[in-house]
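Please look through the structure below. Some questions and answers about its helices and pockets follow it.

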Amino acid sequence: MSENEKEQTEDTYTSEEMEVTEHIQELRKRIIWTIVFFILFFVAGLVFVQDIYDFFTRNLKYELVVLSPWEIMWIHIMIASVIAIGAALPFFCFQAWLFVRPGLMPRERKVTLIYVPAVFLLFIAGLLFGYFVVQELIFNFLMGLGEGMFDNMFTAEKYFRFILTTTLPFAFFFEVPLIAMFLTSLGIIDPAKLKQVRKYAYLVLVILGTMLSPPDFILQLFVAAPLIILYEIAIVMSGVVYRRKIAKEEELAVE
């Protein structure tokens, strides 16, 4: 190998190493900013933990108790963590977008930027649906089973765990249409594939519905139905993105 070839090879390796180093530094920067936002909202959650606690127990007719000092700490940390995750989600998405932005075309940057607020809004919509609809139905159903039979007294930890397990999953389920759109834009899936696995998806969603709800057919159906509707919305939105993607590729082919 000649000296010039060696120098060119060394320059190539150096350039690649610098590029990798820059990517790592950029990723580190985005992660740090996300952690900073999370900590800020976590602290805010701790500051307003009493107000948040009062909101979730405002209509509760039963007394909440704690069995140990650590349980009090768990309630504070849990409430602050949920607030921090929900509030920091759009900032996390924005930092992720900033990280991948250099590799996107101008039009792709505008399109993908729309996903940032959409992720947050769908997350909040899922939380609201889970808390005000699903959680209320399941809680009232379970309380009705024991009416006149028991003296009800809950620990604060068990009550808030119940709220989390019946509410938080829907915050992620509501992201399904958006995820389908994003994966379709990347060419990973398309409407035909989603329709092809529809019956299997329905089966999984029905199983999830039975896991998230008590053993009552009406409640299980009520929980599974929104999940099935979300899957159908995902197919429709995937079709919209897919048609636009095909149209764009045809335009480029003509040019």
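Predicted model: local features only at pLDDT ≥ 70, side-chain atom pairs only at ≥ 80, totals over all residues.

Residues are numbered from 1 along each chain as its sequence is written, and side-chain values use heavy atoms, with hydrogens and water left out.

Q: How are H3 and H6 oriented to each other?
A: Helices here are DSSP runs (H or I, at least four residues), numbered from the N terminus. H3 covers residues 69-100 and H6 covers residues 156-173; the two pack at an angle of about 20°, with axes 9 Å apart. Axes are lines fitted to C-alpha atoms over the stretch in contact, and angles run from 0 to 180 degrees between N-to-C directions. Angles under 35 degrees count as roughly parallel, over 145 as roughly antiparallel, 65 to 115 as roughly perpendicular and the rest as oblique, so H3 and H6 are roughly parallel.

Q: Into which classes do the residues of the contact of H3 with H6 divide?
A: Contact means heavy atoms within 4.5 Å; Glu71, Trp74, Ile75, Met78, Ile79 and Val82 of H3 meet Ala156, Glu157, Phe160, Arg161 and Leu164 of H6. Ala, Val, Leu, Ile, Met, Phe, Trp, Tyr, Cys and Pro count as nonpolar, Asp, Glu, Lys and Arg as charged, and the others, Gly among them, as polar. The contact of H3 with H6 divides into eight nonpolar, no polar and three charged residues.

Q: Are H3 and H5 roughly parallel or roughly antiparallel to each other?
A: H3 and H5 pack with their axes 8 Å apart, at an angle of about 160°. The two helices are therefore roughly antiparallel.

Q: How many nonpolar, polar and charged residues are in the contact of H3 with H5?
A: On the H3 side are Gly86, Leu89, Pro90, Cys93, Phe94 and Trp97, and on the H5 side are Val116, Val119, Phe120 and Phe123. By class, the contact of H3 with H5 has nine nonpolar, one polar and no charged.

Q: How are H5 and H6 oriented to each other?
A: The axes of H5 and H6 are 7 Å apart, and the helices pack at an angle of about 135°. H5 and H6 are therefore oblique to each other.

Q: Which element gives the largest share of the lining of the largest pocket?
A: A pocket is an open set of points, on a 1 Å grid over the protein atoms alone, where a 1.4 Å probe fits, with protein on both sides within 12 Å along at least five of seven lines; lining residues have an atom within 4 Å of a point. The largest pocket holds about 1200 Å³, a volume being the space filled by probe spheres set on the points, which are joined across faces, edges and corners. Elements giving two or more residues to its lining are H3, H4 (106-113), H5 (115-145), H7 (176-185) and H10 (217-254). The largest share, eight residues, comes from H10.

Q: Which residues lining the second largest pocket are the closest to its centre?
A: The second largest pocket has a volume of about 400 Å³. H2 (49-56), H3, H5 and H6 each supply at least two residues of the lining, which has 18 nonpolar, two polar and no charged residues. Of the 20 lining residues, the closest to the centre are Phe56, Val82, Ile83, Leu127 and Thr167.
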